[in-house]
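Q: Please examine one part of this model closely and describe its geometry and its surroundings in a connected account.

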Amino acid sequence: MTQRVSPRAFAILMLGNVALAFGPWMVRLSDVGPSAAGFWRLALALPFLVVLAKAMGQPAHWPGRSAAWVIAVAAFFFAADLAAWHAGIHLTKLGNATLFGNIASFAFAAWGLWLARRLPTRLQGAALLLALLGSALLMAGSAELSARYLRGDLLTLLAGLLYAGYLIAVERVRGSMQPLPVLILASAFGAAMLLPFAAVMGETILPSAWTPLLLLALGSQVVGQGCLVYALGQVPPLVVGLALLTQPAVSAAIGWIAYGEVMTSLDFLGAAAIAVALVLVRLQEGGSGPKSVSA
């Protein structure tokens, strides 16, 4: 069974990726430890998510043992992803962190093709190659492989793999649950995992400035993850995976505006290649993969 992507679902997916691209900037601006930043991202978002869920007729509820286990697994992957990603952001260049962290894009796209039990079509193959080329071009000017950044590079690479696990787990449960209850439970479980871990690691937990953490919670968790979790029940994994690659392009633009990091012709060419890849995969909306299955 194939799944046609509605323009509304695709637009929500893209909005979520734009919001998520601001997350690393807020992590850099916060004055707490990396795991503590992840905890506050989830904990501060919860009241807003609960109110939003009630207003939209999707109140949080216990989904039953099977779905609860899947969400708990998703939360574990997400909490581990945040801990590794936030730590890596502080230990390597932002270009490296974005490059290695986005391995989830290709891992999740590959998961969608595996579910479909077939090789990509010509259009899908062309889209994947263009996305890979675009990612390489986008990072060419900023990424730098060096022993100095090895620890941070490995952490962000691990974060990318963990994030793919989170996406797969959420995609499984979205066939039987609405998006906001899934996100509320995953956020609550993840926060409960991150707080004791931050304490054991001896991190600074209470911030002196709340603004970056509040913006991180609202932008990355409420808007970004809210849109993404919704899209995971509506959009094939291949399209979701390629859409995730728009985040490095947006991050490069943020660096240009906030820090005066000039975007080169390679940056613009890479962003254009990713955009063309998304257009190509949208031309074959019904052939990207199957509809989400129930857990």
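A: Helix α9 has 22 residues, which at 1.5 Å a residue should span 32 Å, and its end C-alpha atoms are 32 Å apart, so the two agree; the expected span is 1.5 Å times one less than the number of residues. Helices here are DSSP runs of H or I with at least four residues, numbered from the N terminus. This is a predicted model, in which local features need pLDDT of at least 70, side-chain atom pairs count only at pLDDT 80 or more, and totals for chains, interfaces and linings use all residues. Residues are numbered from 1 along each chain as its sequence is written, and side-chain values use heavy atoms, with hydrogens and water left out.

Just after α9, G202 takes a positive phi of about 75°. The axes of α9 (residues 179-200) and α10 (residues 211-232) come within 9 Å and cross at roughly 125°, where axes are lines fitted to C-alpha atoms over the stretch in contact and angles run from 0 to 180 degrees between N-to-C directions. On the α9 side, P179, V182, L183 and S187 make the contact (heavy atoms within 4.5 Å); from α10 come Q221, Q225, G226, V229 and Y230. These residues divide into 5 nonpolar, 4 polar and no charged, with Gly counted as polar and Val, Leu, Tyr and Pro among the nonpolar types.

An unreviewed UniProt entry places "transmembrane region" features at residues including 182-201 and 213-232; such annotations may be inferred rather than shown by experiment. Over residues 213-232 the chain is 100% helix and 0% strand, with end C-alpha atoms 26 Å apart.

Technical notes: Helix = DSSP H or I, 4+ residues; strand = E, 2+ residues; numbered from the N terminus.
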